Amino acid sequence: MRPTVFFTCSVLFYNLEIVHSRGDDGKQEWPIPYRRFDCRPAADSYCEAMFPFCPTGDRDGRIPYMNNWDVISVFRLQAPVWEFKYGSLLGKMHIMHDAIGFSSAETGRNYTMEWYELFQLGNCTFPHLRRETNNPFWCNQGAACFFEGIDDIHWSENGTLEKVGEISGGQFNEMALWVQDDNQTGIYYETWTVRSDPGPNATVWFDSYDCSQFVHRTYRYLTQQRAKLSSRFQTNYTKIYLYSGEPTYLGDDDSIFREPSAKTLAEDIRKFYHPFRPHQSYIDFVLSLAEAYQKVVEEKSFYLYYNFEYWHLPMKSPYVQITYEEVPLP
């Protein structure tokens with residue numbers, strides 16, 4: 001067994017080499033690159049998942065080592081989000097979760113690999129507002145999970161379970177090492193893709209970092225290792241868009257929530273996130289929807305937390321959109 005997938009370290013190190021890129025003319029370059037880190041921190045004890053992360057995976061996050069001559073089948077997996085609770089409902093709205101399956105010809109064993117939120121989607125998308133901290137508190141880690149077995153019914157009944165290629169055991173082992181690095185350095189989940197408009201020539205301000213992006217990265221890595229992947233069907237994936245004019249950089253926790261001069265901005269950010277707080281009653285939730293609508297649509301304002309920093313988005317129609325668009329296999 002080779003340790004690869006999910007592990008932590010005691011100290012978080014920012015990769016300071018990634019800054020707000022600017023061109024030769026001094027203008028901001030878009031999209032803002034997703035910041036990677038040198039080490040994954042232990043999750044804060046305040047963050048508590050409704051459903052445990054990777055419950056059947058190896059406790060030490062290990063992926064089995066394959067013999068180099070083994071033939072490993074690769075499967076594209078897709079199913080509605082929270083199918084176990086809502087069945088095909090979210091699938092009808094094209095809100096899908098993506099993963100990759102593997103099957104060893106030598107041992108006959110099947111495996112599933114996916115990347116998702118440690119503390120569910122809501123905690124990754126919006127923060128908690130805690131009385132003891134001035135700044136919003138985020139539980140937004142995401143990580144890879146590898147476990148034995150493929151739940152055929154789960155993936156095929158309302159989604160997709162399709163063989164898209166074969167790789168050697170050696171290619172699988174190289175992929176496992178790549179997953180280790182990808183998972184160690186990419187530590188947080190990002191729900192939103194932010195664009196200037198829905199058109200084909202739109203500017204992408206920020207890109208998402210979610211389950212489908214992990215699948216795309218893995219496919220690209222496998223093709224770089226000379227794997228050949230193909231599908232008989234259109235390969236569509238869920239995207240959640242925000243539409244805005246050019247974003248404005250605001251600062252991080254220290255510059256906003258610990259500086260008296262930024263007190264008004266700090267209060268505005270907390271007020272913005274208040275309607276999205278977790279654990280609301282039904283009545284509070286209905287009132288919060290109206291409040292959120294006012295801020296995003298009527299006031300055309302959204303505060304985005306990206307790379308552990310805050311940006312202001314001047315929102316524009318159609319404001320928010322869920323699409324199910326094709327991303328071909330590489």
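**Figure 1. The hairpin of E4 and E5.** Strands E4 and E5 form a hairpin with five residues between them, and Gly108 in the turn has a positive phi of about 75°. The model is predicted, so local features need pLDDT of at least 70 and side-chain atom pairs count only at pLDDT 80 or more, while totals for chains, interfaces and linings use all residues. Residues are numbered from 1 along each chain as its sequence is written, and side-chain values use heavy atoms, with hydrogens and water left out. Strands (E, at least two residues) and helices (H or I, at least four) are DSSP runs numbered from the N terminus. E4 and E5 pair in the antiparallel sense over four bridges; two strands pair if DSSP finds at least two bridges between them. Ile100 has Met113 in E5 as its bridge partner. Seven of the eight residues of E5 are buried, so this strand is largely enclosed by the rest of the structure. Buried means under 20% relative accessible area, exposed means over 50%, and partly exposed lies in between (1.4 Å probe, protein chains only).

**Figure 2. The open sheet of six strands.** The strand order is E6-E5-E4-E3-E7-E10, with antiparallel pairing. Strand E6 (142-148) and strand E10 (228-229) stand at the edges with a single partner strand each, so one side of each is left without a neighbour in the sheet. Strand E3 (residues 71-80) pairs with strand E4 (residues 96-104) in the antiparallel sense over nine bridges. Ala79 is placed opposite His97 in E4. In a regular strand the side chains alternate between the two faces of the sheet.

**Figure 3. Two helices on the sheet.** Helix H5 (residues 169-185) packs on the sheet and touches E3, E4, strand E5 (110-117), E6 and strand E7 (160-168). The direction of H5 makes about 110° with that of E7. Helix H6 (residues 211-224) lies across E3, E4, E5, E6, E7 and E10, and runs at about 35° to E4. Axes are lines fitted to C-alpha atoms, for helices over the stretch in contact, and angles run from 0 to 180 degrees between N-to-C directions. Contact means heavy atoms within 4.5 Å.

**Figure 4. Phe147 and the pairing of E5 with E6.** E5 and E6 pair in the antiparallel sense over seven bridges, and Trp115 stands opposite Ala144 in E6. Phe147 is found in strand E6. With a relative accessible area of 18%, Phe147 is buried. Leaving aside residues up to four places away in sequence, Phe147 touches Thr56, Gly57, Tyr111, Thr112 and Glu114. Phe147 and Gly101 are 46 residues apart in sequence and 9.9 Å apart in space, C-alpha to C-alpha.

**Figure 5. The salt bridge of Glu309 and Arg35.** The closest N and O atoms of Glu309 and Arg35 are 3.7 Å apart in this salt bridge. A salt bridge is a side-chain nitrogen of Lys or Arg within 4 Å of a carboxyl oxygen of Asp or Glu. Glu309 lies in strand E14 (residues 309-326) and Arg35 in the loop between strand E1 (2-3) and strand E2 (62-63), so the pair ties together parts that are 274 residues apart in sequence. Glu309 counts as buried at 7% relative accessibility, and Arg35 counts as buried at 10%. Side chains of opposite charge can pair when their charged atoms come close.

**Figure 6. Further salt bridges.** A search of the whole structure finds ten salt bridges. In one of them Asp58 pairs with Arg62, the closest N and O atoms being 3.1 Å apart. Asp58 is partly exposed, with a relative accessible area of 27%, and Arg62 is partly exposed at 30% relative accessibility. Glu132 forms a salt bridge with Arg130, with the closest N and O atoms 2.7 Å apart. Glu132 counts as exposed at 56% relative accessibility, whereas Arg130 is buried, with a relative accessible area of 15%. Salt bridges that share partners join Arg36, Asp182 and Arg217 into one network.
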